[in-house]
Amino acid sequence: MTILITRPAPEGDALAQQLNAAGINAIAQPLLEIGPGDELPTLQSRLDHLQSGDILIAVSAHAVDLAHNYLRSQGASWPKNVHYMAVGDKTAARLAACSGQKAHSPETRNDSEGLLALPALTQVHGRRVLILRGNGGRELIAQTLQQRGAEVHYCETYQRRLLPLDGTALCQTWQAQQVSTIVITSSEQLAYLYRLVPEHDKAWFLQRHLFVPSQRIADQAAALGFSTVSTVGSAANRQLFTTLSKIGTMG
């Protein structure tokens, strides 16, 4: 049994190393890389437009890290009079550490739907909301908050760039390494990986045990033809390791 980790570096490498240290074969093959977003130069002005009681939402730790690095390079700081919120626990912890403010996140469901269910986001009429995110992505948070009467703006603080990969060569390698399990942490990764795999390897590929963070991505995987999909409930390495280490010990 070998587990294939497809999430970007450095998280993918860290998870693979942790699993290998626990005696579970794992390899890391990122499908995309993370870099600074084109809208980073506008971040300071967007933050300056937030007033007391307004809301800042981060969709990922990457969004926080790139924003924080940019603010530090400009000698700027995070505002202290706004509500900080994040999609997941890991992102909330990173946002709190960078901003020095408490950051709220869903207690159970670490996704957009879970965030939107928080009481603090049910009464947002007339408030400004700034969402830190990557290029593209789901529009659910913005659309829902706009429907609730908020004035919503984005700042793309990071970019995801698909890596140019040879799917045929990779599949040959993965089959030789007896990959039985694949970890996918975003719908974009899943769609790209499916495109990479050549048709003559699709049957093998779709028989792998897939681990994903949310039911939404699980549904996407099922629609593509995966027969075995497990939902972890989080994209954080901590939860992924806990789940994968259990199946690793079972062989």
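The largest pocket of this predicted model has a volume of about 1,000 Å³, a pocket being an open set of points on a 1 Å grid over the protein atoms alone, where a 1.4 Å probe fits, with protein on both sides within 12 Å along at least five of seven lines, and a volume being the space filled by probe spheres set on the points, which are joined across faces, edges and corners. Its lining (residues with an atom within 4 Å of a point) comprises 42 residues, of which Val59, Ser60, Tyr158, Thr185 and Ser186 lie nearest the centre. Residues are numbered from 1 along each chain as its sequence is written. Local features need pLDDT of at least 70 and side-chain atom pairs pLDDT 80 or more, whereas totals for chains, interfaces and linings use all residues, and side-chain values use heavy atoms, without hydrogens or water.

Three aromatic pairs are counted, where rings of Phe, Tyr and Trp (its six-membered ring) pair if their centres lie within 6.5 Å, and planes under 30 degrees apart count as stacked, over 60 as edge-to-face and the rest as tilted. Trp78 and Tyr84 form an edge-to-face pair, at 6.2 Å centre to centre and 70° between the planes, and both residues are buried (under 20% relative accessible area, with exposed over 50% and partly exposed in between, for a 1.4 Å probe and protein chains only). Tyr194 and Phe205 form a tilted pair, at 6.5 Å and 50°; Tyr194 is partly exposed, with a relative accessible area of 24%, while Phe205 is buried, at 1%. Ring pairs link these two residues, Tyr194 and Phe205, with Phe226 into a cluster.
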